[in-house]
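Me: I have a structure open and want to go through its contacts. Can you take some questions?

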Amino acid sequence: MTDGVLVTSVKAAHLECLAMENTMHLANADEPGARNPANLGGPASYGSYAVQKRIGKLDQALSLQGLRVLDLGCGNGCYTVELARRAEWVCGLDIQLSNLSDFREALPRVQAAGEYLPFASESFDAVTMIEVLEHTACDTTALQECFRILKRGGVLVLFVPNKLYPMESHPCHVGNFSLGKNVPLASWLPDSVHRSICHARIYSRRRLFAIARKAGFEVKRVGYIFPPLDSFPLPFKRAYRRVAWRLEESLLGMFGVSIFAVFEKSREWSGR
């Protein structure tokens, strides 16, 4: 699938995109400053419990019926297809063309970076970033772009790694030596140390709220999710998952693997 096909699919859906040649900044591997693919993470799997879990949390928080939605950092489309079953119209956006080529359904999608969204202001009712913000080149700029393209009253739905979770869910390294994933207590290290050894950012609730408010958002809802454990062949997995839903609503929820948050662009917002 070529860039032209991706852009055409967006235009065919009547989005008011900015002029692509002038405003669409693609972070390809050949460009100076392009991000290392190892730091971008990998997409979730179609049909996995991780997808079911996060979509379930989203369903609890809001209805997408009748909304125009951007799935920012859509990966292979495993979340995008679920959003498309709920919303009026959905577009996927990802920085890696290989991910967009792995979509299993013919949904609109475009290659771009989260810091340079190729859409007109106030184009969408909702934006989702599902385990994506931590991989962006600049999280504050990405949030500002989300704010810009949202209509007044629009919502941003985020899942980000939780600093209080006692295992680091992204790969870590010391120099050239890889520590792998699930390193105990690495997530609790000071931010300056964490940045030097881990492939992705991690967020406390306070930090996430601060950068969202700086971008102009109001906090509407926050929660946590426990690890889905898709990759662990444990005999008690079903029982654990039933209990996890309850634990997420308790005080122990603050130790979940991810923070789930819904931010809103105020209906009274009148520009800056």
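Me: Which residue forms a salt bridge with Asp139?
Reply: Arg201 does, with the closest N and O atoms 3.7 Å apart. A salt bridge here is a side-chain nitrogen of Lys or Arg within 4 Å of a carboxyl oxygen of Asp or Glu. Bear in mind that this is a predicted model, where local features need pLDDT of at least 70, side-chain atom pairs count only at pLDDT 80 or more, and totals for chains, interfaces and linings use all residues. Residues are numbered from 1 along each chain as its sequence is written, and side-chain values use heavy atoms, with hydrogens and water left out.

Me: Where do Asp139 and Arg201 lie?
Reply: Asp139 lies in helix α6 and Arg201 in the loop between α7 (191-197) and α8, so the pair ties together parts 62 residues apart in sequence. Helices (H or I, at least four residues) and strands (E, at least two) are DSSP runs, numbered from the N terminus.

Me: Asp139, buried or exposed?
Reply: Asp139 is buried, at a relative accessible area of 8%. Arg201 also counts as buried, at 18%. The cut-offs are under 20% relative accessible area for buried and over 50% for exposed, with partly exposed in between (1.4 Å probe, protein chains only).

Me: How many salt bridges does the structure hold?
Reply: The structure holds 15. One of them pairs Glu248 with Lys57, the closest N and O atoms being 3.1 Å apart. Glu248 is in the loop between α9 and β11 and Lys57 in helix α3 (residues 49-61), so this pair ties together parts 191 residues apart in sequence. Both Glu248 and Lys57 are buried.

Me: What about Lys163, which residue does it pair with?
Reply: Lys163 forms a salt bridge with Asp191, with 3.3 Å between the closest N and O atoms. Asp191 lies in helix α7 and Lys163 in the loop between β5 and β6 (167-168), so they link parts 28 residues apart in sequence. Lys163 is buried at 16%, while Asp191 is partly exposed at 31%.

Me: Which residues are linked in a network of salt bridges?
Reply: Asp59, Glu82, Arg85, Arg86 and Glu105.

Me: Switching to Arg207. What does Arg207 touch?
Reply: Leaving out residues up to four places away in sequence, Arg207 touches Asp139, Arg201 and Ile202. Contact means heavy atoms within 4.5 Å. Arg207 is in helix α8 and is partly exposed, with a relative accessible area of 26%. Its C-alpha atom is 10.0 Å from that of Lys163, which is 44 residues away along the chain.

Me: Now the largest nonpolar core. Which of its residues touch the most other members?
Reply: Leu70, Leu133 and Leu156, out of 34 residues. A nonpolar core is a set of buried Ala, Val, Leu, Ile, Met, Phe, Trp, Tyr and Cys residues joined through side-chain atoms within 4.5 Å. Elements that each supply at least two residues of this core include β1 (68-72), β4 (124-130), α6 (139-149) and β5 (150-161). Apart from it lies another core of 23 residues, among them Leu64, Cys78, Val90 and Val155.

Me: And what does Leu133 touch?
Reply: Among its contacts beyond four places in sequence are Asp139, Leu158, Arg201, Tyr203 and Ile211.
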